[in-house]
Amino acid sequence: MRLKSEIWVKAYLRRVAGEGVFCAVVRRGHDEAGAIYIKQSRLDGSALILSPAPAGYEAVAQERQWVFTFGEDHILEEKADEY
């Protein structure tokens with residue numbers, strides 16, 4: 001059984017804040033089953049986007065898995081924000 005999206009995001013924000021990393025929720029969707037995307041800004045005008053792994057991906061049933069949305073290359077932050 002998976003956690004609701006809202007609970008998972010709140011726990012993730014606390015965990016990374018405890019490690020000294022700044023995180024913010026940019027847009028909220030459905031609290032119970034909304035898709036979660038992670039944007040990692042490099043502060044040089046580029047960013048990396050992580051998307052939920054598709055169904056059937058290894059261990060998806062047990063824990064959340066992430067895949068690179070645009071490959072492992074960084075993209076312009078404006079393109080990431082549009083996505």
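I started with contacts across the chain (contact means heavy atoms within 4.5 Å). Of those with a separation of 6 or more, 48% join residues 24 or more positions apart. The model is a predicted one, where local features need pLDDT of at least 70 and side-chain atom pairs count only at pLDDT 80 or more, while totals for chains, interfaces and linings use all residues. Numbering runs from 1 along each chain as its sequence is written, and side-chain values use heavy atoms, with hydrogens and water left out.

**Chain**

I looked up the fold next. The protein chain has two helices and four strands. I took these as DSSP runs, helices being H or I of at least four residues and strands E of at least two, numbered from the N terminus. Along the sequence the pattern reads α-β-β-β-β-α.

I then checked burial (buried is under 20% relative accessible area, exposed over 50%, partly exposed in between, with a 1.4 Å probe and protein chains only). Buried residues are 20% of the 83 in the chain. The chain exposes about 6700 Å². Carbon and sulfur atoms supply 52% of that area. These areas come from the Shrake-Rupley method with a 1.4 Å probe.

**Largest pocket**

I turned to the largest pocket. A pocket here is an open set of points on a 1 Å grid over the protein atoms alone where a 1.4 Å probe fits, with protein on both sides within 12 Å along at least five of seven lines; lining residues have an atom within 4 Å of a point. Its space is about 1300 Å³, a volume filled by probe spheres set on the points, which are joined across faces, edges and corners.

The lining holds 36 residues. A24, V26, Y37, I38 and K39 lie nearest the centre. I noted at least two lining residues from each of α1 (5-18), β1 (38-41), β2 and α2 (77-82). Helix α1 gives the largest share, eight residues. By class I have 21 nonpolar, six polar and nine charged. Nonpolar covers Ala, Val, Leu, Ile, Met, Phe, Trp, Tyr, Cys and Pro; charged covers Asp, Glu, Lys and Arg; the others, Gly among them, are polar.

**W8**

I found W8 in helix α1. W8 is buried at 18% relative accessible area. Beyond four places in sequence, W8 contacts L3, I36, I38, R64 and W66. I also looked up E32, 24 residues away along the chain; its C-alpha atom is 9.8 Å from that of W8.

**L43**

L43 sits in the loop between β1 and β2. L43 is exposed, at 76% relative accessibility. I logged a positive phi of about 60 degrees for L43, which is not a glycine. Most residues other than glycine have a negative phi.

S46 lies in strand β2 (residues 46-52). I have S46 as buried, at 14%. Its side chain makes a polar contact with the side chain of D44 at 2.6 Å. For that term I used a pair of N or O atoms within 3.5 Å; within protein, one must be able to donate a hydrogen and the other to accept it, and residues adjacent in sequence count only if both atoms are side-chain atoms. Beyond four places in sequence, S46 touches Q40, S41, H74, I75, L76 and E77.

I followed E77 into helix α2. Outside four places in sequence, E77 contacts K39, S41, G45, S46 and A47.
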